[in-house]
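This report describes selected features of one protein model, arranged by region. The sequence and structure are shown first.

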Amino acid sequence: MTKPSLPDLLHAAVSAVGGTERPGQVAMAEAVAEAIDDNTHRLIQAGTGTGKSLGYLVPALAHGERVVVATATLALQRQLVERDLPRTVDALHPQLRRRPQFAMLKGRSNYLCLHRLHEGAPQDEEEGLFDQFEAAAPTSKLGQDLLRLRDWADETETGDRDDLTPGVSDKAWSQISVSSRECLGATKCAYGAECFAEAARERAKLADVVVTNHALLAIDAIEGAPVLPQHEVLIVDEAHELVSRVTGVATGELTPGQVNRAVKRAAKLVDEKTADSLQTASESFERVMELALPGRLEEVPEDLGYALAALRDAARNVISAMGATRDKSVHDEDAVRKQALAAVEGVHAVAERILLGSEYDVVWYERHDRFGATLRVAPLSVSGLLREKLFEDRSVVLTSATLKLGGDFNGVAASLGLSAEGVEAEDAPVWKGLDVGSPFDYPKQGILYVAKHLATPGREGTRGDMMDELAELIEAAGGRTLGLFSSMRGAKAAAEELRGRLDNPILLQGEETLGELIKAFAADPKTCLFGTLSLWQGVDVPGPSCQLVIMDRIPFPRPDDPLMSARQKSVEQHGGNGFMAVAATHAALLMAQGAGRLVRASGDRGVVAVLDPRLATARYGSFLRATLPDFWYTTDRNQARRSLAAIDAAAQADGK
């Protein structure tokens, strides 16, 4: 039997999902197929509207070996598993003469734990949530959530938190879920045979395509114990997010509350002397943390060093003692022991890591008005880890609408541990980059307007001229505005000011769930939506409701961000340009994602307005502009207003 051709397979898949075949999608599919066949690596930039999901799914399904697809967002995971994969498999079945299987796999804490549900969470007494009062009188939101979870447990086939609609609070979910460290293990658990997490793993072992997330991919790489099934090909979608997700997984933290919970959980399982030493160490740590000031710790201060050493040693003694004692008076002892062990091991691991003082780690204090101080430790770079763990023994394809920063792939490649394109270096995997473009005509569909006449934004204080500009642009656009702010404080200040000036409804992130805000924004063209980081990447509103995207300033990391400033300093110490490699690259990525909110369909028209003159005047401005879609560029404020008014008039004439 002749092997079906890739163009025929792609055509069948595109027809099945009701899409339109695009040259960029064909080029992408061919590049993915070539990488899989040659066991090589690709970085592929595919602009919005390319149809990149099918661009990698079709060659992956045609390949026949197991493929893992890792995405950053829940929305894309669901789209792949609920829409794209079922339709694509159905479409390809007649030509492939087989029906590829697919499955979703997430971390264990995303699945309902039947042991927790039926036996109750082994919590501290004052935290007990499955108590008789809650069960008998579920008047609180928490009580109602727990009762709903019990009912849902009888209906769900997956136990996957994301299948529960509407969702429940993190606090409620924590009562019926466990981390991998807290899990008893299928062989020791009375509910092991029915376990949802184990069933998901079994489905993944049998699947041709396993859809997972960046965090689980990071855990699989970092922790050494394989979580994902063996696979020949790895496809990382939304790859611009990968470094930050891996950094998040590799970051440890200690808080007095966390240590205190570990003490309480361990106390009933070890002798009094061992428990007291951990309690004493916990109190010393709490006293140090009360005086902690936010910022990076280049060296661990003496008082913190003593407190961490005491914590580490006491935690190690508790771990040893816990393995040697059994107490049948403790209800559900195995589960209580496992949770206590997980909590104490977590404290021990972070305390020991900070005391080791690796030059590859960054340590800092954070302070929160409500939660107090947190001690954090994160890797200075994850590039070495990614180079070593990601690219060995498999073909890797990384794709996103934003991988070329400043006009090439090398910035993103460096963050992944790769050398520059076409440069062979020892231990660095060889890769190729491909930009398949976008089906949109950006110079005709959008304008990039930089408000060059405004004052350069300072770190503090309101920007009166910026507020005036913002109001005028929104009035010209007739609403229809997505406001992307570099801080929540900036978004709130703008919302408060403009609610008093304009008749347009202004929605503010945090005043309602993100999903509800986006729905309300899309439903009424006169409405504006203001917010911060998650809006820069998470809004997909094609059509006339989003015809003006405003960025209040270039989103450089804060100068006092300990991790970013440490990374910048490290680049400079090695002879590089730290500002360009870290701060400008961070800003370019966010700006490209933010500008990408404007044109989501072939009929979309609008303006991206950047209210920061540095994009036009600073030397790094050209690097940032080269990362943005190729919009028509102007610094003429009157031109921007006239264009917005014309776009608004055209939309109103169409009754939108």
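## Helix 19

The expected span of a helix is 1.5 Å times one less than its number of residues. The model discussed here is a predicted one. Helix 19, residues 464-477, contains 14 residues, and the distance from its first C-alpha to its last is 20 Å, close to the expected 20 Å.

Buried positions in helix 19 are M466, M467, E469, L470, A471, L473, I474, A476 and A477. After the helix comes G478, which has a positive phi near 70°.

Seven strands form an open sheet in the order 14-15-13-16-17-12-18, and their pairing is parallel. Strand 14 (506-508) and strand 18 (632-634) are the edge strands, each of them pairing on one side only. From one strand to the next, the twist averages 15°.

Within this arrangement, strand 16 (residues 548-551) is joined to strand 17 (residues 606-610) by four bridges in the parallel sense. I550 has A609 of strand 17 as its bridge partner.

## Helices against the sheet

Helix 19 lies across strand 12 (446-450), strand 13 (481-484), strand 15 (528-531), strand 16 and strand 17. The angle between helix 19 and strand 16 is about 170°. Helix 27, residues 637-653, also packs on the sheet, where it touches strand 12, strand 16, strand 17 and strand 18. The direction of helix 27 makes about 145° with that of strand 12.

Helix 10 gives the most, with three residues.

A340 is a residue of helix 15, which covers residues 333-356. Is A340 buried or exposed? A340 is buried because its relative accessible area is 0%, and the cut-off for a buried residue is under 20%.

Leaving aside residues up to four places away in sequence, A340 touches R265, A266, L269 and M322. A340 and K268 are separated by 72 residues in sequence, while their C-alpha atoms are 9.5 Å apart in space.

Note on methods
Residues are numbered from 1 along each chain as its sequence is written. This is a predicted model: local features need pLDDT of at least 70, side-chain atom pairs count only at pLDDT 80 or more; totals for chains, interfaces and linings use all residues. Side-chain values use heavy atoms; hydrogens and water are left out. Helices (H or I, at least four residues) and strands (E, at least two) are DSSP runs, numbered from the N terminus. Buried means under 20% relative accessible area, exposed over 50%, partly exposed in between (1.4 Å probe, protein chains only). Two strands pair if DSSP finds at least two bridges between them. Axes are lines fitted to C-alpha atoms, for helices over the stretch in contact, and angles run from 0 to 180 degrees between N-to-C directions. Contact means heavy atoms within 4.5 Å.
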